[in-house]
Amino acid sequence: MSRQYETVIGLEVHVELATQTKIFCACSTAFGGEPNTHTCPVCTGMPGALPVLNKKVVEYAMAVGLATNCKITRHCKFDRKNYFYPDNPQNYQISQLYAPICRNGYVEIETESGSKKIGIHEIHMEEDAGKLIHDEWEDCSLVDYNRSGVPLIEIVSEPDMRSAEEVIAYLDKLRLIIQYLGASDCRLQEGSMRADVNLSVREAGAREFGTRTEMKNLNSFKAIARAIEGERARQIELLEEGKQVVQETRRWDDNKEASHAMRSKEDARDYRYFPEPDLPPVDISEEWIEEVRSRQPELRTEKLLRYQKEFGIPQYDAELLTESRKMAELFEAAAAICGNPKKVSNWLMVDTMRLLKENGQEPEELNISPEYLAKLVELTDSGAINSSVARKVFRHIFYENMDPEKYIEEKGLKTVNDESALRETIKRILEENPKSVSDYRNGKEKALGFLVGQTMKEMKGKANPEMVNRILKELLQ
Amino acid sequence: MELMEMTAARLGEEIQAGTITAVQAAEAALNRIKEKDKELNCFITVEEEAALEKAAAVQKKIESGELSGPLAGVPIAVKDNICTEGLRTTCASAMLNDFVPPYSAEAVKKLEKAGMVIIGKTNMDEFAMGSTTETSFFGPTRNPWDLERVPGGSSGGSCAAVAAGECSCALGSDTGGSIRQPSSFCGVTGLKPTYGTVSRYGLIAYGSSLDQIGPIARDVTDCALLLEAIASHDKKDSTSMPREEYDFSSALQKDVKGLKIGIPRDYFGEGLDPEVAEAVRKAADILKEHGACVEEFDLSLVEYAIPAYYVIASAEASSNLARFDGVKYGYRTQEFEGLHDMYKKSRSEGFGEEVKRRIMLGSFVLSSGYYDAYYLKALRTKALIRKAFDRAFEKYDVILGPAAPSTAPRLGDSLKDPLKMYLGDVYTVSANLAGLPGICLPCGLDGKGLPIGLQLLGDCFQEKKILRAAYTYECVRGQFYQPESSRKEGGVRL
């Protein structure tokens, strides 16, 4: 390859909003119900049924728009996108084309080469489709409309990204913003966040964009990164061979690490968009915008700075703690109760992270009461339990969200601080282990460790380790 | 007086007074249907037993005092594009031949709340597309005044049933004149309310931005009472509008002193039957004699209403009717290979010619490359028409004119030339484009003995003004004859 190429990437990100009910009816959005149980005439496209807009959807869309520096469309409208497919009960999707709710925003991303603004072209609201299930044995297809009408926002970026790294940073930024807003849990694997990648390449320094393709079916950050690399290579190869890139939609197969064409521009559908006559335009007042703005929680970037400044937590740690809203909330609540942010941070950074990793869990899945974590910190600080006991107790908090005090009492794990009793036990142990005693006295420091271990064993781990050390040294002199 | 010659209000009074029961009223209607409907074909579905059971239940509530409204116990017919829970609703289409809705339209619920008894579902043009009730999968309805003539459409079944005395009143729907034009052809009174007054929830959509359910009856009083029963602000319909008041019957006063009535000169041009023009002008004279200020004016844009209407209504219809695909309910073709073949065959076989024509027209005007030239232009025209009416209503309370350019044509004549049929909607469609209320009531018979309709249009939410004008005219005109009696006595002379 003699020429240098630049990759130009724009994303279309669909996010399922965390409302209790669907966008145009009162059916539940809960995941996993029996097929076609969360349905009504509206979301199954019965004749004569009409949509009614869920206000919460507008507020979430506005909140995401405000947090991504968008301009809110004061007079926003819905449009119908017409296409036939059985997962779409009306054979049209209510979406926004002509006056989407948010426009002209940006987010700032950090990559190794520094920070960069990624433009957001627009954010629009729309309804999700149902789910088709193909029964190969019966040679038929079934449709489940539980997901039909679940609210989505589509965030369309400008073609501002130049590498997979930037794409991942952008997606992660969006994920964090939206999670912090509580607008969605943004899980790629479960489909509550889905990204389509528009990619083209051009010779470095060229002004015109190359012909782009759109890549669908990307279910993880890793798949996205691989798909970008794959598509970039495919397009460059075409250009190097003197061929042209065809504008088309392609489907990524992550197992084969390759994509195939779904449809070209020529058979692109004509969606025959037109204004949705069943929904009047949504008038968004300045007051409403301010109300939504005022409810905006502290976002990640602000938290990151505050943790460093207010709690003296190192940047790396603060980044990890704020990586998920759940973790950050747990941290703040526990720190406020026990007044020891550093210790709380330690538990989260070390033990919590390790257990999450061991179990393949996301921080969002944490189920730990901040009160219990705070209590654990207090119990160790006061010397009521030692650190090895504390580790053991923490596992029970992590897995069962158990009250540490209760657990310690039930299991009798409180540190014994009775010095005279300890002294008696140690005397006995020294008598039973004359070899180790002489070894130590002959300069073998290691022997002390063995004696400490024997003492702790005898005390069932409840002895105060500092006290054990001190008494041992004293008696061995 | 025979029960089926009574108005709904009179029937209601008799039922409240205990001189007749709701069951007797229902029986009388059902008997009349049995007697006449083979010939007329006003009804697609009549469920006799269910109707009688309902009537008996209502009668009990009337006796216990639970139901005491003016229409309690009165039988009513409902156009077959309005969903009735458990009662087949076909839109007069093979596509929905077996469709039994799992829910009732809000307007139907309101009728039930008022204690009215639904006796059956009436014939119509397929999916309300047509002006003659000839495009019905269930065959045409005939005009009770002349069986060789059409009743108009698309609410032809409802209007003909009221004219023939098969019921005293009915619900229709009006997208471009579908209540007013058949009312004109059948010599009954029909009212299209302001857009947003009656909930569209459960009305199977044709042109969503234009559709409105309204009453059809034998006189103005019944229309006002029925409108009171069905009008509501319904949260299930986002285009439903809260109104300041839901009282319409207080407008029933014989008093038009000072009422300003405008007659669009543009309505009396080429294409209007001279007999219709004369009858309508005479009606205007009557109102003038009773104190209304009547003058002619230029409304403008009249010739643009039809193309704008057919573009918008067809565009919306092409999308609204997309849901009828053989997947979830309704007709599915017997043999097919794969999904697309199933779609194509089900829709080709399930829809009639006129429906397919409008779906194709609507899909075309929304296609990329044509959207701006047709659909967007039609929307702009709609806005201009609305402005023309705004200007007119700055000067007038009521706009008076014909409801249709002629009296009822012969069966088969209209469908031969669809374009001509479309042009027949010239006086009605603009009210839908502008969202205005309009009432049509009989104002005489032509030389062939066919009824002529007078149309009164009001500004949005000004139903009371047109009701007052219509009521005053009706008081002077006197009771309008029903088809059979009129034939005997030679019609109404005005």
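Author: A residue counts as buried if 20 or more other C-beta atoms lie within 10 Å of its own, and as exposed if 12 or fewer do. Keep that cut-off in mind for B:Met360. The model is predicted.

B:Met360 sits in helix H11 of chain B. Is B:Met360 buried or exposed? B:Met360 has 12 C-beta neighbours inside 10 Å, so B:Met360 counts as exposed. B:Ala315 is 45 residues away from B:Met360 in sequence. In space, the two C-alpha atoms are 8.9 Å apart.

Now the contact between the chains. Chain B gives 32 residues to the contact, and chain A gives 24 residues. On the side of chain B that touches chain A, three helices of chain B give two or more residues: H9 (302-320), H10 (338-350) and H11 (353-366). H9(B) supplies the largest share of that side, three residues. By class, this side of chain B holds 15 nonpolar, nine polar and eight charged residues.

Next, the interior. In soluble globular proteins, nonpolar side chains tend to be buried together. Here the largest nonpolar core has 230 residues. Which of its residues touch the most other members? They are A:Ala61, B:Ile76, B:Ile119 and B:Ile261.

Take B:Ile261 and leave aside its neighbours within four places in sequence. B:Ile261 is then in contact with B:Ala284, B:Leu287, B:Ala292, B:Cys293 and B:Val294, among others. Further partners of B:Ile261 include B:Tyr396, B:Asp397, B:Val398, B:Leu400 and B:Ala469. There is also a second, separate core of 29 residues. A:Ile313, A:Met327, A:Val344 and A:Phe394 are among its members.

Turn to chain A and its sheets. Chain A has 15 helices and 16 strands. One open sheet has nine strands, with mixed pairing. The order in this sheet of chain A is S2-S6-S7-S10-S1-S11-S12-S13-S14. Its edge strands are S2 (71-72) and S14 (258-264) of chain A, and each pairs on one side only. A:Asp253 has A:Ala258 in S14(A) as its bridge partner.

Another open sheet of chain A has three strands in the order S5-S4-S15. Its pairing is antiparallel. S5 (92-95) and S15 (274-275) of chain A are the edge strands, each pairing on one side only. Strand S4 (residues 79-82) of chain A pairs with S5(A) over four bridges, in the antiparallel sense. Opposite A:Asn82 stands A:Tyr92 in S5(A).

Last, chain A as a whole. How many domains does the assignment give, and where do they lie? Chain A is assigned domain 1 (5-288), domain 2 (298-411) and domain 3 (419-476). Between domain 1 and domain 3 of chain A, the C-alpha centres lie 66 Å apart. The radius of gyration of chain A is 30 Å, whereas a compact globule of 477 residues would have one near 23 Å. Along the principal axes, the C-alpha atoms of chain A fill a box of roughly 95 × 60 × 55 Å. Of the 477 residues of chain A, 37% count as buried. Consider the contacts in chain A between residues at least 6 apart in sequence: 69% of them join residues at least 24 apart.

Notes:
Residues are numbered from 1 along each chain as its sequence is written. Chains are lettered from A and ligands numbered from 1 in the order in which they are written. This is a predicted model: local features need pLDDT of at least 70, side-chain atom pairs count only at pLDDT 80 or more; totals for chains, interfaces and linings use all residues. Two residues are in contact if their C-beta atoms, placed from the backbone, lie within 7 Å. Ala, Val, Leu, Ile, Met, Phe, Trp, Tyr, Cys and Pro count as nonpolar, Asp, Glu, Lys and Arg as charged, and the others, Gly among them, as polar. Two strands pair if DSSP finds at least two bridges between them. Domain bounds come from an automatic or database domain assignment. The radius of gyration is taken over C-alpha atoms; the globule rule is 2.2 Å times the number of residues to the power 0.38. A nonpolar core is a set of buried Ala, Val, Leu, Ile, Met, Phe, Trp, Tyr and Cys residues joined through C-beta atoms within 7 Å.
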